[in-house]
Structures are given as C-alpha cells and as structure tokens.
Amino acid sequence: MTDNLHSQTVQDLAIDYFNQGYTPIPIHHNDKKPIGKGWQNTEYENEAEVEAAFREHRGNIGLLMQPDQVCIDLDALNI
C-alpha cells in the first residue's frame, strides 16, 4: 500500500479491501472482538453495503478469512 493509506478513513479502507476480494468486518475499538452477532456469516453484495456497515465506525477492521475466523490488527503500521 502507499502513503495514501494514512489519509484514508476506516470506511475507505473497508471498501478497498472489499474491492480486493476480502470481506471486511467491523472490530471494536482497541479490542479483537468483531461487532455484532453472526459476523461469521457476513457477506456484502456491493460497495454500498460495505459503506453502510462502516459508516461512522471508529474501531478496527478485520477480514473474514474462513467461515469462523477473522484476521485483525490490520490497523497496525508494522504489518
């Protein structure tokens, strides 16, 4: 990623991940827990759904890797 990463919002990053084929999951701020129940079944049909899920979100982003696993800490600059 480029230096543009640092100027993007969480919502922008979630949409970027979606467009790369990933399923972004909202994660509680300063935590590792996905927000809401049933996060394992999260699916987005389009960018508008991702935008709605991350609107006003101030937490972290996780990526759904398998039906019951999520990768987190994508906000860390040392990844």
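A: This is a predicted model, in which local features need pLDDT of at least 70, side-chain atom pairs count only at pLDDT 80 or more, and totals for chains, interfaces and linings use all residues. Residues are numbered from 1 along each chain as its sequence is written, and side-chain values use heavy atoms, with hydrogens and water left out.

Q: Where is H57 found?

A: Helices (H or I, at least four residues) and strands (E, at least two) are DSSP runs, numbered from the N terminus. H57 lies in the loop between helix 2 (47-54) and strand 2 (60-66).

Q: Is H57 buried or exposed?

A: Buried means under 20% relative accessible area, exposed over 50%, partly exposed in between (1.4 Å probe, protein chains only). H57 counts as buried because its relative accessibility is 11%.

Q: Which residues does H57 touch, not counting residues up to four places away in sequence?

A: Contact means heavy atoms within 4.5 Å. On that basis H57 touches V10, P26, I27 and I35, with residues up to four places away in sequence not counted.

Q: Which residues in helix 1 meet helix 2?

A: An α-helix has 3.6 residues a turn, so residues three or four places apart point the same way. In helix 1, V10, Q11, A14, I15, F18 and N19 meet E47, V50, E51 and F54 in helix 2.

Q: Why does G62 count as buried?

A: G62, found in strand 2, counts as buried because its relative accessibility is 0%. The C-alpha atoms of G62 and I27 are separated by 6.1 Å, although these residues are 35 residues apart along the chain.
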